[in-house]
Amino acid sequence: MTVTAKRFFSSPGSQADLALECEFFSNLKMRNGTFKLTRPSRFATLEAEFGPIVRDRVKNGPCAVLDIGASTGLTTVELADFLRAQGAVPQVVGTDLFIEAHLVDLAPGIHVLSDPEGWPLQYGVAGIGIRAWVRRLDFITLAALPLLLARSLLQPRLRRRIAAGASESVRMESRALSGRPIRLLENDIFVPETGFEQRFDFIRAANILNLGYFGPDRLRIAIANIRAYCRGPGALLLVVKTAGQRHDGTLFELGEAGIFEVLDRIGNGSEIEDLVLEAGPEPRRREAS
Ligand SMILES: C[S@@+](CC[C@H](N)C(=O)[O-])C[C@H]1O[C@@H](n2cnc3c(N)ncnc32)[C@H](O)[C@@H]1O
């Protein structure tokens, strides 16, 4: 039985509960179709594969790190530990489009976990957590209808309640971040962030820049932003997509000409490798609105 958001956010939890924490967050689907899905130690094999090559490049000390689409920041903490084990002194920023959320009480025993726009992420009914998103099977079992109806009826009401301050703010972040000098910020990878320009030595985009989530044109915008966030030649970029135990990813290095080059691959390499390699140092474009 899925724990309700209210119960989850009200219990102090501990580091030992990280698998349970992941289970809770992984069931949340964001309004742009992406999931908060993450897992502890998800990248152990990938880190073993890329460790030596990363060590060669980061061992000289300070290393500014950007983890894009960091979800709750759990694997961001693991990335910091990995880089420290390679000899770096990492200063880490994790970003995600969806970190702030709200608990809204609707009636006794009924509450909703919602994003700031009123998009329901989970319903809590009589102590049971119910997912708010619709899966294909729901169209066969007819469970889709009440879910779609609930969302369209509730969204304006939730948005109003949140705007009126009649909600409890929560942050969808991991307890593993507690006491760690890692900043987890809301940021959209499709929107240029001038404060990030030429700041980072190591950038990771894990399970976010997937063709299943975004089309090539949008991905080109994200890649152009990432390129601008690299400190300069020698900066590393890791793009990976994970399915169960399998990783398909590419480790890139920004070359002197301002173009990414492949350093190493795992599995079949990143499915967006061609898009990354074609990204030149031309001015960035804003996403068309
Ligand atoms: C599948 S999770 C990946 C989590 C983690 N990187 C990992 O691999 O375990 C994808 C994350 O990307 C975030 N996301 C979706 N769209 C985004 C955007 N435009 N900018 C930044 N983050 C985004 C989602 O909120 C979600 O937390």
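## A walk through the model

Start by selecting Arg220 and Glu278: they form a salt bridge (a side-chain nitrogen of Lys or Arg within 4 Å of a carboxyl oxygen of Asp or Glu), and their closest N and O atoms are 2.6 Å apart. Arg220 sits in helix H7 (residues 216-229) and Glu278 in the segment after helix H8 (273-277), so the pair links distant parts of the chain, 58 residues apart. Helices here are DSSP runs of H or I with at least four residues, strands are runs of E with at least two, and both are numbered from the N terminus. Arg220 is partly exposed, with a relative accessible area of 29%, and Glu278 is partly exposed too, at 48%. For these labels, buried means under 20% relative accessible area, exposed over 50%, and partly exposed in between (1.4 Å probe, protein chains only).

Before moving on, know that this is a predicted model, in which local features need pLDDT of at least 70 and side-chain atom pairs count only at pLDDT 80 or more, while totals for chains, interfaces and linings use all residues. Residues are numbered from 1 along each chain as its sequence is written, and side-chain values use heavy atoms, with hydrogens and water left out.

The structure holds 17 salt bridges. Next, pick Lys36 and Asp96, whose side chains meet at 3.1 Å, N to O. Lys36 is in the loop between H2 and H3, and Asp96 is in strand S2 (residues 89-96), 60 residues apart. Are these two buried or exposed? Both Lys36 and Asp96 are buried.

Now go to Asp81 and Arg180, another salt bridge, at 2.6 Å from N to O. Asp81 lies in helix H4 and Arg180 in the loop between strand S7 (168-171) and strand S8 (183-186), so the pair ties together parts that are 99 residues apart in sequence. Asp81 is partly exposed at 35% relative accessibility, and Arg180 is partly exposed at 25%.

**Into the core**

Select Leu46, Phe50, Val54, Val65, Leu83, Phe202 and Leu251. These have the most contacts inside the largest nonpolar core, which has 31 residues. A nonpolar core is a set of buried Ala, Val, Leu, Ile, Met, Phe, Trp, Tyr and Cys residues joined through side-chain atoms within 4.5 Å. Which elements give two or more residues to this core? They are helix H2 (18-26), helix H3 (44-58), strand S1 (62-68), helix H4 (74-85), strand S9 (202-206) and strand S10 (236-243). H4 gives the largest share, six residues.

Zoom in on Leu83. Not counting residues up to four places away in sequence, Leu83 touches Val54, Val65, Ala88, Pro90 and Phe202. Contact means heavy atoms within 4.5 Å. Apart from this core lies another, of 30 residues, including Ala205, Leu219, Ala235 and Val276.

Stay with H2 for a moment. Its Leu18, Glu21, Cys22, Phe24, Phe25 and Ser26 are buried, and what covers the buried residues of H2 includes helix H1 (5-10), H4, S4 and strand S5 (120-125).

**A buried loop residue**

Click on Phe43, in the loop between H2 and H3. At 3% relative accessibility, Phe43 counts as buried. Leaving aside neighbours within four places in sequence, Phe43 is in contact with Thr75, Arg204, Ala206, Asn207, Val240, Thr242 and His247. Try the distance tool on the C-alpha atoms of Phe43 and His247: they are separated by 8.3 Å, although the two are 204 residues apart along the chain.

**Positive phi**

Most residues other than glycine have a negative phi. Select Ser71, in the loop between S1 and H4: Ser71 has a positive phi of about 60 degrees although it is not a glycine. Ser71 is buried, at 6% relative accessible area. Ala126, in the loop between S5 and strand S6 (128-131), has a positive phi of about 50 degrees. Ala126 is exposed, at 66%.

**Last stop: a hairpin**

Finish with strand S11 (residues 246-254) and strand S12 (residues 260-266), which pair in the antiparallel sense over six bridges; strands pair if DSSP finds at least two bridges between them. Phe252 has Val262, in S12, as bridge partner. Five residues lie between the strands of this hairpin, where Gly258 takes a positive phi near 80 degrees.
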